[in-house]
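Trainee: I would like to learn how to read the features of a structure that is new to me. May we go through it together, one feature at a time?

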Amino acid sequence: VVLSSSSPRAFCAGGDIRQVRDSILAGDYHAAEHFFKGEYLADLAIAEFSKPIVVLCDGLVMGGGAGLAQHSSHIIMSETTRFAMPECKIGLFPDVGASLFLGRCPLAIARLMGMTGHVIDGASCIMLGLASASVPSRNIENLKRALTHCATDEIDKVIAFYQTDPGLPGLSQNMTSISHIFGGEETPEDMLRRAQDLLLLRPNDTFLKQIVSSFSESCPFSVKLFWRLLQVSENLTTADAAISLDYHLALRMIRRPDFVEGVRALLVDKDNAPTWSPDRLDLVDNGLLEEVFEEDDLPPLR
């Protein structure tokens, strides 16, 4: 099976969360829950499919698109790939099994990507094991045609024919800063403080400016939830376990005011001025955070 996009701009930039917001505002939480259930079951169908699935990740690969890609057997990136999990900016959290596929990355990278929504290139995806191969964007259609006419045991050979060196990963030049900010046993508050302190020392550092800005734009509750999720999911090894947990978290997160507000600010009114509740990391109630992870009285994903 080959998954590709009908758009040259993106493989998939995520699900229609404006639709979910509309359902919630209408009081129809059942429709909102049905949306996430459908998305997560699609990811599980891909993860558990008996045949190889080759996904052609040309352009934007974000949120729900990352879920479709990461549960496939062969993940092809290009020089146009821009991969991210930006859900903390809409008051949700990096879901679709992100605790599993980001969890395979170095912890500092997983935190960077999940907590700030940092965008990485295809070469960085190769470096992190988030992709199988890099193919030039101009050859994606040729690769697609070749794959649809090859036998199963020829898939790797066909990909290798079109594969090229992805080049230097964009992340590599900032690894020292990433490890300093996001490594160790620090809390999200500590990580933000480290980033701010580094920026004071290097006020012209574009990467550090992005990190500090991303923290300010992200929902504090969502940031701390993903930080906690990486701890809770350390022993999860299957897509079923990771995505089932995401389903329970999503059912609770969409009932918080942050989700409706985050989607409004980013995608509806587009004023990029959300009013988060609470509006600072140090104000997030750890007791409420733990309650989100409780599974009592929640319906199973399947």
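Trainee: Which residue forms a salt bridge with Arg-264?

Mentor: Side chains of opposite charge can pair when their charged atoms come close. In this predicted model, Arg-264 is bridged to Asp-269, and their closest N and O atoms lie 2.9 Å apart. Arg-264 counts as buried, at 14% relative accessibility, whereas Asp-269 is partly exposed at 48%.

Trainee: Which residues are linked with Arg-264 in a network of salt bridges?

Mentor: The network links Arg-264 with Glu-261, Asp-269 and Asp-271. Over the whole structure, the search finds 15 salt bridges.

Trainee: How should I read the salt bridge between Arg-228 and Glu-290?

Mentor: Begin with the distance, then ask where each partner lies. The N to O distance between these two side chains is 2.8 Å. Arg-228 belongs to helix H12 (residues 220-232) and Glu-290 to helix H15 (residues 286-292), so the pair ties together parts that are 62 residues apart in sequence. Arg-228 is partly exposed, with 23% relative accessibility, and Glu-290 is partly exposed at 34%.

Trainee: What is the distance between the closest N and O atoms of Arg-18 and Asp-16?

Mentor: For that salt bridge the distance is 3.9 Å. Arg-18 has a relative accessible area of 40% and is therefore partly exposed. Asp-16, at 36%, also counts as partly exposed.

Trainee: Let us turn to the cysteines. How many disulfides does the count give?

Mentor: A disulfide is read from the distance between two cysteine sulfur atoms, which must be within 2.5 Å. By that rule there are 0 disulfides.

Trainee: Are Cys-88 and Cys-219 buried or exposed?

Mentor: Cys-88 is buried, at 1% relative accessibility. Cys-219 is buried as well, at 0%.

Trainee: Which strands are joined to strand E3 by bridges?

Mentor: To read a strand, look for its partners and then at its two faces. Strand E1 (residues 2-3) runs parallel to E3 and is joined to it by 2 bridges. Strand E5 (residues 74-77) is also parallel to E3, with 4 bridges between them. Val-55 of E3 is the bridge partner of Leu-3, and in E5 the partner of Val-55 is Ile-75.

Trainee: Which residues of E3 lie on each of its faces?

Mentor: Val-54 and Leu-56 are on one side of E3 (residues 54-57), and Val-55 and Cys-57 are on the other. All four are buried, and both faces of the strand are covered.

Trainee: Finally, what is the volume of the largest pocket?

Mentor: Its volume is about 510 Å³. A pocket is then described through its lining, which here consists of 21 residues. The closest to the pocket centre are Ala-13, Gly-14, Ile-17, Pro-86 and Leu-267.

Trainee: Which helices each supply at least two residues of that lining?

Mentor: They are H1 (17-25), H2 (29-47) and H14 (257-268). H2 gives the most, with 3 residues.

Conventions:
Residues numbered from 1 in each chain as written. Predicted model: local features only at pLDDT ≥ 70, side-chain atom pairs only at ≥ 80, totals over all residues. Heavy atoms only, no water. 1 Å grid on protein atoms, 1.4 Å probe; cavity = no way out; pocket = protein on both sides within 12 Å on 5 of 7 lines; lining within 4 Å. Points joined across faces, edges and corners; volume = space filled by probe spheres on them. Buried < 20%, exposed > 50% of the residue type's maximum accessible area, 1.4 Å probe, protein only. Salt bridge = Lys/Arg side-chain N within 4 Å of Asp/Glu carboxyl O. Pairing = 2+ DSSP bridges.
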